[in-house]
Amino acid sequence: MSKSKRYNMEIVNKYSTKEFEDKYTYTENDLGANWTKDKTVFKIWSPVAEKMSLNLYRTGNATEDTLISSQEMKLEDKGVWTACVKEDIKNVYYTYTSVIDGVSSEFCDPYAKACGVNGKRAMVINLEETNPDNWDKDSNPNEKLPLCESFIYELHTRDFSADKSSDIKNRGKFLGLAETGTTVDGEGKIKSGLDHIKELGITHLHLLPFYDYATIDESKEYDSKEYNWGYDPLNYNVPEGSYSTNPFDGDVRIRELKETIKELHENGISVIMDVVYNHTYNEDFCFNKAVPGYFYRMDKDGVMSDGSACGNDTASERSMVSKYFVDSVLYWAKEYHIDGFRFDLVGLIDVDTINKIREGLDKIRPNIMMYGEGWTLNTKLTKKNVLLATQKNVDKLNNFAMFSDNIRDAIKGSVFEEDEKGFISGDTEGYDELKKSILGLPDWSSTPNEVVNYTSCHDNYTLFDKIHLCNEGISFEQAVKQNLLAISIVMLSQGIPLMHAGEEMLRTKEDENGEYVSDSVRSSDYVNSIKWDNLKKKEYYDVYEYYKGLIAFRKAHKVFMMSDAKEIKKKISFIDTDDEKVIAYKLIEDDKEIYVIFNADDKERDVKIGSENDVFKCYINDKKAGNSELESCNGVVSVKGTSCKVLIPVLNNGSRISYN
């Protein structure tokens, strides 16, 4: 990006100085529109503005000229401009107009809590009126659950219900997440929607970004070809309008989101919000119009940093950017009862800001989850000696977990090389890395509480598609075996397990030409939607039951959910199989042992875990998983090709029972 004329680099270079921050850092929590029945006070931070005006509108549609009035604002301490309207203007829409270097610019309030269609005008709101009945009694159903006992299901709001086969009425909407009683077969036997994920056994629903994002035209009726994941922030503190039944009314999206969260909570499911503070949709972001150049990292020539691959890395190390991020996360936690936050490309955000968020969340409610993508990326910091929230700095973060690309790539091969194989395809290059990950202790981590284990997510190819791409000519049956082996490794490793929605039904993302789609960020519903009939939950019900059984088995055995590295090393030991295509280990749980074997060879293998006279009960094999006994065997275990086997020895008075 070339230097923009609207940036005064003499001013921009001063933004990171101690003098500027000391003079203009505003610490109060009243920026935005503060409504009461008698008056509304507006505050916007812009220490570089020569003039600032407040504009009031009858409607929230920026294409309509419905201006009521404009009034000049007053500059007060710390660069904050204020205006007061001494009457009840609830549900009136508004914008600000700044004059900077003689240039006039109208923009939405960066601190807006509500807005009109497409987010161009903010709205004055009484948030209490958007609360569902008994909202004050709503709570996180998994508040006391230790991190490693969580089961995260990553989902895009629209994908869940966009296809007619979902049997969901509010297709593509927040409310579609909350519908119960929907089925795949029309007979009530095979469930879809909320009942499906509840039955699966997950504890946390990770929703891709649902703040107000830029690339969907909310004024249009439902369009199956217009789509985005939501990693293009427009209004950080407002729900996305396309997920509401009426994006023209600023109240509706807020009320419906709260109703959805409450229903999910009542069904035992916590809600995680995917947040994107590392970049904005573009540099026309409203904060940047209020204080040009302050919100972003750039070099001395005005070229914006691009570690995010979006052309505008945010400068979280600056005090008012950091405050904005902290205030935003705490707002969502308080106002919407959000139970966790997943931070997109968190490696671009500084450690101090993340720790401030953690500190603030801990004061609101205990056990609000925080995790993110800690990749190390090339970004241009505005200050020296700034630590970024990367995997290698996870020890500097408080109660924060990172996605583990270690286990992901060891299991299935690099996500950047579609034909590269992983352990499930018989490749042993990641053998040592996988063993570390099974313990929840990749080199960058000191505890499984810092590790999110996964084998697929919204990014890159689905697990089932990746399996087909790196195993040319693979049979359907063998691909299913690899799929089940992959999820077995994730669920039976130490750490926090996360799965991609639809993976339990062999989800695929093929376009209209039958080509697998890796980056489906702007693909149509044809590619992205969960097709409950075409994914054939009914036909692939054994796969769904296997996922369900793995979750149930993990829940039943705390030894798979340890958080202390010393305890892990004491209670888990690997068994020498003399074969890198086979990983076997023993776990000590109370008075019993549990044996786990992963066979990545496509041929059956025998693994010695005891004597021929020992008796073991098998609970997970190549066909089924759960807490019911599937078969008995002795200490020389036969493990089918490309499969997992989990066994518990039969005990009698503390000793193994042996054959006579």
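The legends below describe close-up views of a predicted model.

**View 1. Helix 14 and its buried residues.**
Helix 14 covers residues 541-556. At 1.5 Å a residue, its 16 residues should span 22 Å, and the end C-alpha atoms are 22 Å apart, so the two values agree. The buried residues include three tyrosines, Y544, Y546 and Y547. V543, G549, L550, I551 and F553 are also buried. R554 is on the buried list too.

**View 2. Strand 13 beside strand 12.**
Strand 13 runs from residue 233 to residue 239. It is mostly covered, with 7 of its 7 residues buried. Strand 12, residues 211-213, is joined to strand 13 by 3 bridges. The two strands run antiparallel. Y211 stands opposite P239 of strand 13.

**View 3. The largest cavity.**
The structure holds 5 cavities of 30 Å³ or more. Strand 2 has the largest share, 3 residues. By class, the lining has 8 nonpolar, 1 polar and 2 charged residues.

**View 4. The largest pocket.**
This pocket holds about 850 Å³ of space. It is lined by 35 residues, and N29, D327, L330, Y331 and K334 are the closest to its centre. Strand 1 (32-35), helix 7 (319-336) and helix 8 (351-364) each supply at least two lining residues. Helix 7 gives the most, with 11 residues. The lining divides into 15 nonpolar, 10 polar and 10 charged residues.

**View 5. The second largest pocket.**
The volume here is about 690 Å³. Of the 30 lining residues, W229, D344, L345, D459 and D519 are the closest to the centre. By class, the lining has 13 nonpolar, 9 polar and 8 charged residues. D344 also belongs to a network of salt bridges, together with D274, R342 and E373.

**View 6. Salt bridge between E72 and K51.**
The count for the structure comes to 36 salt bridges. In this one, N and O are 3.4 Å apart. The pair links distant parts of the chain: E72 lies in strand 4 (residues 67-72) and K51 in strand 3 (residues 51-57), 21 residues apart. E72 has a relative accessible area of 57%, so it counts as exposed. K51, at 35%, counts as partly exposed.

**View 7. Salt bridge between E129 and K90.**
The closest N and O atoms are 3.0 Å apart. E129 sits in the loop between strand 9 (122-123) and strand 10 (152-155). K90 sits in the loop between strand 6 (80-85) and strand 7 (93-100), and the two residues are 39 residues apart in the chain. E129 is partly exposed, with a relative accessible area of 48%. K90 is partly exposed, with a relative accessible area of 27%.

**View 8. Salt bridge between E359 and K363 in helix 8.**
The side chains meet at 3.8 Å, N to O. Both residues lie in helix 8, 4 residues apart, about one turn of the helix. An α-helix has 3.6 residues a turn, so residues three or four places apart point the same way. E359 is partly exposed at 48% relative accessibility. K363 is exposed at 66%.

Note on methods. Residues are numbered from 1 along each chain as its sequence is written. This is a predicted model: local features need pLDDT of at least 70, side-chain atom pairs count only at pLDDT 80 or more; totals for chains, interfaces and linings use all residues. Side-chain values use heavy atoms; hydrogens and water are left out. The expected span of a helix is 1.5 Å times one less than its number of residues. Buried means under 20% relative accessible area, exposed over 50%, partly exposed in between (1.4 Å probe, protein chains only). Two strands pair if DSSP finds at least two bridges between them. On a 1 Å grid over the protein atoms alone, a cavity is a set of points where a 1.4 Å probe fits but cannot get out, and a pocket is an open set with protein on both sides within 12 Å along at least five of seven lines; lining residues have an atom within 4 Å of a point. Grid points are joined across faces, edges and corners, and a volume is the space filled by probe spheres set on the points. Ala, Val, Leu, Ile, Met, Phe, Trp, Tyr, Cys and Pro count as nonpolar, Asp, Glu, Lys and Arg as charged, and the others, Gly among them, as polar. A salt bridge is a side-chain nitrogen of Lys or Arg within 4 Å of a carboxyl oxygen of Asp or Glu.
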